Amino acid sequence: MFAREEFARRGARARAAMVEAGVDLFLIDHAECLAWLTGYTVSETMYRAAFLPLTGEPWFVLRALDAQPCRNACWFSDIQGFADTAEPHAVMAEAIRTRGHAAARIGADHNSYGFTAATRDRLQALLPEARFIDMPGASDLLRQVKSEAEIALLAQAAGIADKAMAAITARAQPGLSPRAAAAIAAASFLENGADTGETGPIVPGLGDHEFLHGVMTALPLDDGDVLHVELIPKVANYGARLMRPVLIGSDRRGLAPLAERLVALQDRQFAAMRPGALAGEVDAVLREAVLAERLRPAYDNVSGYTLGLYARTPRPSDFSRVFLPNATWRLEEGMVFHMYVSAGGLGFSETVVVRAGGGERLTGTARELLRAGGPQL
């Protein structure tokens, strides 16, 4: 999927974090970080982990059933499989011991889904001479800046989102249900190369902003209703996102001016997304204007969050970097975000990469209240 040189750069970045944390061995069990550092990821049906030493090649320990796919995907060769009858943590501990790290300072991201208190306690009992050191947030923070190869995958996923949105818009007539729209999107995803047919929330656009995480229904929509469509296609686990309001029939509620204003304010925010910008100030460009113009009575949710790798984890969105009034981190070129705004039952979002001149959209769908027969790209 990526050149060996790219994995070498990733390994160097991880080792720099290891030196800063004062550790000899990095235990990686966070699904997205596994994919980023090794080229392979798998669900935690049984515990699995990769290990990166300060010198030498890493190794991966996982179910024997998954060992061959792991060998096919990884850039290194040391892949150890264990039988389902084995205790995974005991196999991990023995692999650490036989490679000379029984008394090492072992770094692990204690925020990782895999590195539970039970995992920590069991490994510590099996390796009493080792010291486990927290590398807080490393699994996410190491991956914040995307390479051009990663951005190319995100752009491919964004293009799939655009095609699916166009397919739904073409059918935006009274009688279309959210479930039927989701079926259109799922088919379009798979036909155009997405990893899966998972669509994201496709629901009626109602109220202020609470519809964003609504529940899909099979109830047909009437003339004048708005269908909120959020699309989340992935290519090689890299996920782009796109939200649009799709008008069913005529604009009975006169929503077009609100849509235009939300887009205009969000465009200002994109222009502010330059390297070095303070995230809280970028957030304020949009948030303060929406509130000042009374487009929403309150604005409590984030206006953007990190995009990139999404593997099989409990987390559907990556909030390791978010845009809020109190956000104190700074943007870097190559970061990619899902930026969104909503009000009055309308939601707009884009996949945006930080460039020297400001935010660059990877999604290309027309930024307007979409309707059948209107412009789509």
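Are Trp 75 and Phe 76 buried or exposed? Trp 75 is buried, and Phe 76 is too. Buried means under 20% relative accessible area, exposed over 50%, and partly exposed in between, with a 1.4 Å probe and protein chains only.

This is a predicted model: local features need pLDDT of at least 70, side-chain atom pairs count only at pLDDT 80 or more, and totals for chains, interfaces and linings use all residues. Residues are numbered from 1 along each chain as its sequence is written, and side-chain values use heavy atoms, with hydrogens and water left out.

**Nonpolar cores**

A nonpolar core is a set of buried Ala, Val, Leu, Ile, Met, Phe, Trp, Tyr and Cys residues joined through side-chain atoms within 4.5 Å. The largest one has 73 residues. Phe 26, Phe 60, Ile 202, Leu 227 and Leu 231 have the most contacts inside it. Helix 7 (residues 148-169) gives the most to this core: ten residues. Domain 1 (4-142) and domain 2 (148-371) both contribute, so the core lies between them. Domain bounds come from an automatic or database domain assignment. A second, separate core of 23 residues includes Leu 27, Phe 82, Ile 106 and Leu 127.

**Aromatic pairs**

Rings of Phe, Tyr and Trp (its six-membered ring) pair if their centres lie within 6.5 Å; planes under 30 degrees apart count as stacked, over 60 as edge-to-face and the rest as tilted. The count comes to twelve aromatic pairs.

Tyr 40 lies in the loop between helix 2 (31-38) and strand 2 (49-53), and Phe 60 in strand 3 (residues 59-63), so their pair ties together parts 20 residues apart in sequence. Tyr 40 is buried at 10% relative accessible area. Phe 60 is buried at 0%. Ring pairs also link Phe 2, Phe 7, Trp 75, Phe 76 and Tyr 238 into a cluster.

**Helix 10**

Helices (H or I, at least four residues) and strands (E, at least two) are DSSP runs, numbered from the N terminus. Helix 10 (residues 279-292) has 14 residues and should span 20 Å at 1.5 Å a residue; its end C-alpha atoms are 20 Å apart, which agrees. The expected span is 1.5 Å times one less than the number of residues. Buried residues of helix 10 include Asp 283 and Arg 287. Its buried residues pack against helix 9 (256-271), strand 13 (318-322) and strand 14 (336-343), where contact means heavy atoms within 4.5 Å. Arg 294, with a positive phi near 55°, follows helix 10.
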